[in-house]
Amino acid sequence: CRDKGLDAIQGDGIAWLSGQPDNSIDVISAFQVVEHLSFLDLVRLLDIVLRVLAPGGVGIFETPNPENLIVGACNFYYDPTHRHPLPPPMLAFVAEQRGFVRAEILRLNAYPESMHLRGQDGEVGEVAERLNHLLYGPQDYALIVGKRHAG
């Protein structure tokens, strides 16, 4: 980043955010971060993000999707620093309970169609469709949270 002239800081993201003024940041993103945190640190991160986001601000948190059985049972554990998979409804619920006015899940990065199961006739039946979703569906998801507008 610095080689490209960008203002970049290397350090602990939660510590850096903790030092920012209330309502001072329009957008906060954390890609492939929250699965590395303890539950208490996750809650702390959400609380800090809610405090420092400007009214109408947005937070984006992308993480591996355990609804995809290959990701949840195997690929997630390729990184030994991952703590545990975070099911999308749970993460959205925690965000709403911490005070975000919007907690939306956006599922991302499904396996290509060429990997999907098909019947002998080449068609995708109901069983194959369900298995394709469970095995080859979105590998990641993003939790998108919003802070209430001022007033």
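Student: Is Cys1 buried or exposed?

Tutor: Buried means under 20% relative accessible area, exposed over 50%, and partly exposed in between, with a 1.4 Å probe and protein chains only. Cys1 has a relative accessible area of 62% and is exposed, while Cys74, at 36%, counts as partly exposed. Please note that this is a predicted model, in which local features need pLDDT of at least 70 and side-chain atom pairs count only at pLDDT 80 or more, whereas totals for chains, interfaces and linings use all residues. Residues are numbered from 1 along each chain as its sequence is written, and side-chain values use heavy atoms, with hydrogens and water left out.

Student: How many disulfides does a search of the whole structure find?

Tutor: A disulfide is a pair of cysteine sulfur atoms within 2.5 Å. The search finds zero.

Student: What is the strand order of the open sheet?

Tutor: Strands (E, at least two residues) and helices (H or I, at least four) are DSSP runs, numbered from the N terminus. Two strands pair if DSSP finds at least two bridges between them. Here four strands form an open sheet in the order E1-E2-E4-E3, with mixed pairing. E1 (25-31) and E3 stand at the edges with a single partner strand each, so one side of each lacks a neighbour in the sheet. E2 and E4 pair in the antiparallel sense over seven bridges, and Phe61 has Leu143 in E4 as its bridge partner.

Student: Which residues touch the most other members of the largest nonpolar core?

Tutor: A nonpolar core is a set of buried Ala, Val, Leu, Ile, Met, Phe, Trp, Tyr and Cys residues joined through side-chain atoms within 4.5 Å. The largest one has 27 residues, and those touching the most other members are Leu17, Leu45, Val49, Phe61, Phe100 and Leu143. H2 gives the largest share of this core, eight residues. Contact means heavy atoms within 4.5 Å; beyond its neighbours within four places in sequence, Phe61 is in contact with residues including Ala30, Leu45, Val49 and Leu143.

Student: Which residues of helix H4 are buried?

Tutor: In H4 (residues 88-97) they are Pro88, Leu91, Ala92, Val94 and Ala95. They cover an arc of only 160° around the axis, which puts them on the same side of H4; the arc is that of the directions from the helix axis to the C-beta atoms. The face turned away from this buried side carries the exposed residues Pro89 and Gln97. Helix H2 (39-52) and strand E2 (53-64) are among the elements covering the buried residues of H4.
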